[in-house]
Structures are given as structure tokens and as C-alpha cells.
Amino acid sequence: MFSDLELRRLPVPTALVVHEFRIPAVSPLDIARAAADWDEVVYYHTAHDGAIVGLGSAWTAPMEGDRFLAAAAALAASGLPAIARLLVGFSFAPDGTTAQEWDGFAPMVLSLPRVSVIENDGTCRLIVALQAGEDPAALADRLESMVKPGVVVAHSPSDLHVESHPSSSTFKANVAEAAAAIRAGDLSKVVLARSLVIASDRTPDAFDIVEQLAQEHPGCYVYGWRRGDATFIGASPELLVSLSGGHVRSIPFAGTAPRGRNGAEDTQIAARLLDSAKDRQEHLIMVDDIVGRLGPITSGVVASDPAVERFRHVQHLVTHIEGSVSNGANVLFLAGALHPTPAVGGVPLDDALARIEKLEGLDRGWYAGGIGWVSGDGDGEIAIALRCALLRGGVSHLYAGAGIVADSDPDLELEETRWKFRALHQHLGES
């Protein structure tokens, strides 16, 4: 996959140093799939203009106190050049997770890979972070020995066991209780999630499934993050925040409907979604909240009118929110100001989080957290980790949620989670 790398002609460094090279076109996803025998972190993420793969870790930010402020401060103090591309992932809850299946996934990870390949605008760049005393030629040998992977093989278990947590009936009861609390004035919106746990007689190949997701969901942020024997994968439609040259963007989604069986039905469903008082209310609550949070830390914040955006299995109401910063804030600071948005938490936030803890019975882990990248100068792009699954051995944990407002129907909210599960469920084995 690599040949005759200039990397091997570099001197052995005396301190951490980052180098960038232009290389012939190579697929970052092929690299992720080919790195199956690497005993290090493997990470893949699509961005709005390309894709990135990261192998290993040359530098990791220390985390003490508020995780977003700690990560932002560590990046600012790192002295890393703008060309450095660091990977970021974080959990929904500030204290992370205690569930055994999430072992190895910290509350916040900000890591500079030893090797990154970035593909965008028709070009490929290789970025390497060499540590003091590391032989560049040895790393070049390892990269040049990588072999392009074969064709993707569909996961086809002969035996499956599927459990819903909570059960479908309990989830509907939770929705009814939350909607009643909203009608009583206790809160305005809360997002309730559930999980499908799929036990298979065969271990799925996580990055093969990531490749299928990338092919099927080109408008989404597709990702895979492997730590040890577990890989967190997904195809999220939702941008938490991006920062590029002072320009801030957030693209929230709320209000969901299925795809139609044909173009005419698709259009009819989209029109009903735009006209739905329930979905418009849910969406407006979220947009107002995000604009309100960005207002004090950005300037010129504007929000578009809601529109419908279509994906493979669902269509959503979406709004584009934009603004600018000029005070040196980096994307990690902005992510901390927004997370968790009403798309995954609720309004008012503290009341919604209390309701989630009371009703869900789930450890969300990195589901509904964030996943993305940040450059050495603080620009970056972080998606909300949705439409996702955690794969560990033959057991897969899938996650999906629904936004609950006053007139939410429990049966329809349950059906919405089924639409959202579909992107991954079909690749892990339909029951």
C-alpha cells in the first residue's frame, strides 16, 4: 500500500517531531482494514471533505478537572504544529462509563497518532509523529509491508441472540412517563435511548462493516475506533461543531420520519415532517438552545430555516447554525460549550439528565458523546456519536434514542428507534 517512503530518509529525532508528506492516492479505510494485526489503536473517520485514518498514539493529552477545558488547554500548551491531526472521542457522561463492555474507552481521549493518512480534495497526506529515539526507517518498513485488504465480506452468523435494554414495553412506558412529566411542566424535552445487544456465533469484522457504512451513508460521519478487542463504529448524520479559520458551524437534527418506498411517497413523508407540530416543536427547542449557548462565545450567530435531509433509512429536520470566533477558542472548547445538546439530552438539561438516569437503565458509554478530529492549531470537526454500536468479540451493543416532547406517542417513538437501528442491525444480523 505504501512504497519508497521519504520517511525512511529522516534523521532519528531527539524529541517528538511531526512530519507531513504528499503521497500517491491510498484509501484511509483500506489502511484501517489492513491494520488488523497492529496491536495499537486504529481509528477511522470521514469528514465533510474527506477521510482520516490514525494508527497508534504518539502523544495523549492529560485530563484533570473539566475534560473539555483540560483537552483544550493541553492542546494549546502542546506546541504541536498546525499540520498535526489529533483524534478526539468522548463519552456522553462527564465521568465516563463503568460498564464492562466500555472498558478502555475513557471519558475523553485526545490523541496524536503515530501515523495518520488524510484524504481530501483529491490529495493524500501522510503525517507521522516520531518520538525521541524512534528510527524512521523502521516505521517506514512497517508501513511499506502493509498489504491492501481483500474484498469486504458480509457478516453472516448462523446463530443470533438479540435482547432489548430496556424491553420494548418498558421503553414505551418510559416515553409515556416522560411525556406526562413534560405536559406537567417539569421539563420541555428529554431524549430516551435503548440498546440492542446482539450475541453472534461469529465475530464481525468491525472495519468491514465500517466500509459498508461508508458506501451506504455517504452524507454521514462514518467512524470506527478500535481499542484492544473492542471497536466503536457508526454512521452519524449530526455535526456537533466544526471550526475552520474562525468560522463555526453546528448542524443539529431533530424530528425523524422513515424513507418512502418511492420518490413520490418520500416527498409526501417529508412534507408531513415539515408540517408536523410535534416535530417542529422538538426541532425548535434544540435550535434555540444551541443558538443560546453559542451566542456568548461567538459573534454573528445565524440559523437557517429548518429543512428535510434524507438518509438511507430515515429523513430528518435539519438546521444549519453558523457564527465566528476571533479570540483563539479551539474546537474542543466549543464542543464543551455545546455537549450534550438537546439532540441527545434535553431541556432544561439538568432536569432531562435526571430523567434519563431514572428511566433508561443504560450506560451510554460513547453513544451520544462525540467523535472527530482537531488540528494542532485548534481547528477541527466533531460529530455526535449516533447510529452506533460497540463491538467486542461476538457481542455487539447497538444504541438509538428518540426525542420526547409533550405529545410524543410511545408506539411511534419505539418505531423511530427501530428505523435508527436499521443501519447497523442489517450488517450484524437481522433477527
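I began with the largest cavity, which has 22 residues in its lining, and those nearest its centre are A343, L386, R387, G401 and K420. The model is predicted, so to speak of local features I need pLDDT of at least 70, and side-chain atom pairs count only at pLDDT 80 or more, while totals for chains, interfaces and linings use all residues. Residues are numbered from 1 along each chain as its sequence is written, and side-chain values use heavy atoms, with hydrogens and water left out.

**Entry: what counts as a cavity.** On a 1 Å grid over the protein atoms alone, a cavity is a set of points where a 1.4 Å probe fits but cannot get out, and lining residues have an atom within 4 Å of a point. Points are joined across faces, edges and corners, and the volume is the space filled by probe spheres set on them. I count two cavities of 30 Å³ or more.

**Entry: the largest cavity.** I noted about 210 Å³ of space in the largest cavity. Strand 10 (189–200), strand 15 (253–258), strand 24 (395–404) and helix 10 (410–428) each bring at least two residues to its lining. Helices (H or I, at least four residues) and strands (E, at least two) are DSSP runs numbered from the N terminus. Which element gives the most to this lining? I found that strand 24 does, with five residues. By class I get eleven nonpolar, five polar and six charged residues. Here Ala, Val, Leu, Ile, Met, Phe, Trp, Tyr, Cys and Pro count as nonpolar, Asp, Glu, Lys and Arg as charged, and the others, Gly among them, as polar.

**Entry: the second largest cavity.** Its volume is about 90 Å³. Of its 13 lining residues, H217, F311, V314, R387 and A423 are the closest to the centre. Strand 18 (314–318) and helix 10 are the elements that give two or more residues, and helix 10 gives the most, with three. I sorted the lining into seven nonpolar, three polar and three charged residues.

**Entry: a helix pair.** I then looked at helix 4 (residues 168–183) and helix 9 (residues 349–359), which pack at about 155° with axes 11 Å apart. That makes helix 4 roughly antiparallel to helix 9 (angles over 145 degrees count as such). Axes are lines fitted to C-alpha atoms over the stretch in contact, and angles run from 0 to 180 degrees between N-to-C directions. N174, E177, A178 and A181 of helix 4 meet R355, K358 and L359 of helix 9, where contact means heavy atoms within 4.5 Å.

How values were computed:
Angles under 35 degrees count as roughly parallel, over 145 as roughly antiparallel, 65 to 115 as roughly perpendicular and the rest as oblique. On a 1 Å grid over the protein atoms alone, a cavity is a set of points where a 1.4 Å probe fits but cannot get out, and a pocket is an open set with protein on both sides within 12 Å along at least five of seven lines; lining residues have an atom within 4 Å of a point.
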